[in-house]
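Thanks for coming, everyone. Please have the sequence and the model open while I talk.

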Amino acid sequence: MLAAPDHRFVLSNLGRYTDVLRLRGGRSLTVRFLELRDAEALLDYFRSLSQRSRYSRLMGAASELPPSELDKALHVGEGNRFAVVAEMKVDGVDTLVGEARYSFDAQSGESEFGLSIGDTWQGQGVGAALLANIECRAAALGARMLFGETLRNNEQMIGLARKSGYMFGRAPDDWRLTRFDKALHAAADIPCESWRQAARAGWPLHEDAPAH
Ligand SMILES: CC(C)(COP(=O)(O)OP(=O)(O)OC[C@H]1O[C@@H](n2cnc3c(N)ncnc32)[C@H](O)[C@@H]1OP(=O)(O)O)[C@@H](O)C(=O)NCCC(=O)NCCS
């Protein structure tokens, strides 16, 4: 017998879940779900990353985003996996400056994420803003815990996680990695559209996180 579909993750009109964030310095950052029309831009974005950034993000040597990863990213919501892009206006043109993916395990209540910011845009608060948005999006799915894993020598990601209030521990499956996690009840006072939509749809948001 087929399992009943989980209607929480059947996302129609992906554009509804768009957030416009204000960066320090006043610039706007738009975070939205990845759509089919973004495939080329996302591939170009990964190609344009420095070798080091790409290695850190993909945790291995690759000259571009592997097709299987692109395919997964484009199927937003399937298998409880989600992908977003972060855009800024550059000379009047919407430009992809970062991306993130997160997944949700309803059984454990945990959400895992990975993200990257284009080299030109690193060190300007974009990563911190995107991560805060992912925290809200994950909380909107009902996640109580958000975690990530990164290479032990990835000072940027470790610095970002530390600054964002994550706790560090050993990654269980790979000695090269460190794991960091954060309880989301301490994190979800950042409004995001996913949270509002989830509240409206009556999804069981966990009690610790404040409603907006
Ligand atoms: C890790 C990454 C996402 C951080 O994004 P970012 O936009 O550069 O980070 P921010 O500018 O928002 O910095 C936020 C905080 O992170 C820390 N941080 C950023 N760069 C750092 C560095 N080079 N060394 C130490 N800490 C750093 C700081 O605490 C910083 O706060 P501050 O600006 O007030 O000092 C980005 O550098 C990146 O994409 N790296 C390559 C891909 C990658 O490593 N992804 C992680 C895989 S899970």
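**The ligand shell**

The residues of the shell around the ligand split into 6 nonpolar, 14 polar and 3 charged. Nonpolar here means Ala, Val, Leu, Ile, Met, Phe, Trp, Tyr, Cys and Pro; charged means Asp, Glu, Lys and Arg; the others, Gly among them, count as polar. Two ground rules before I go on. This is a predicted model: local features need pLDDT of at least 70, side-chain atom pairs count only at pLDDT 80 or more, and totals for chains, interfaces and linings use all residues. Residues are numbered from 1 along each chain as its sequence is written.

How many residues surround the ligand? The count is 23, and the closest are Ser 56, Gln 122, Gly 127, Ala 128 and Gly 159. Near means that the C-beta atom of a residue, placed from the backbone, lies within 6 Å of the molecule.

Which element gives the largest share of the shell? That is α5, with 6 residues. At least two residues each come from α2 (51-58), β5 (110-117), α4 (126-141), β6 (145-151) and α5 (155-163). For the labels: helices (H or I, at least four residues) and strands (E, at least two) are DSSP runs, numbered from the N terminus.

**The chain and its sheet**

Now the whole chain. The protein chain has 6 helices and 8 strands. From the N terminus, the order is β-β-α-α-α-β-β-β-α-β-α-β-β-α. There are 212 residues, and 33% of them count as buried. Buried means 20 or more other C-beta atoms within 10 Å of the residue's own, exposed means 12 or fewer, and partly exposed is in between, with C-beta atoms placed from the backbone.

Next, contacts. Two residues are in contact if their C-beta atoms, placed from the backbone, lie within 7 Å. Among contacts with a separation of 6 or more, 61% join residues 24 or more positions apart.

The 8 strands form an open sheet, ordered β1-β2-β3-β4-β5-β6-β8-β7, with mixed pairing. Its edge strands are β1 and β7 (167-170), each of which pairs on one side only. From one strand to the next, the twist averages 30 degrees. Two strands pair if DSSP finds at least two bridges between them.

Let me walk along the sheet. β1 (residues 19-22) and β2 are antiparallel, joined by 4 bridges. Arg 22 has Ser 28 as its bridge partner in β2. The hairpin of β1 and β2 has 5 residues between the strands, and Gly 25 there takes a positive phi near 95 degrees.

β2 (residues 28-33) then meets β3 (residues 81-90), again antiparallel, through 4 bridges. Phe 33 is partnered by Val 84 in β3. β3 pairs with β4 (residues 93-105) in the antiparallel sense over 10 bridges. Met 88 finds its bridge partner, Thr 95, in β4. In the hairpin of β3 and β4, 2 residues lie between the strands, and Asp 91 has a positive phi near 50 degrees.

Gly 169 stands opposite Arg 179 in β8.

**Two helices**

First, α1 (39-48). This helix lies across β3 and β4, at about 95 degrees to β4. Axes are lines fitted to C-alpha atoms, for helices over the stretch in contact, and angles run from 0 to 180 degrees between N-to-C directions. Leu 42, Tyr 45 and Phe 46 are buried in α1. Seen down the axis, these buried residues fall within an arc of 95 degrees, so they line one face of the helix. The arc is that of the directions from the helix axis to the C-beta atoms. Glu 40, Asp 44 and Arg 47 are exposed, on the face turned away from the buried side of α1. Cover for the buried residues includes α2, α3 (67-74), β3 and β4.

Now α2. Arg 54, Ser 56 and Arg 57 are buried there. They cover an arc of only 160 degrees around the axis, which puts them on the same side of α2. The buried residues of α2 pack against α1, β5, β6 and α5. Turned away from that side are the exposed residues Gln 51 and Arg 52. Met 59 follows α2, with a positive phi near 55 degrees.

**One loop glycine**

Last stop: Gly 109, in the loop between β4 and β5. Gly 109 and Met 145 are 36 residues apart in sequence, yet 6.6 Å apart in space, C-alpha to C-alpha. Leaving aside neighbours within four places in sequence, Gly 109 contacts Gly 142, Ala 143, Arg 144 and Met 145.
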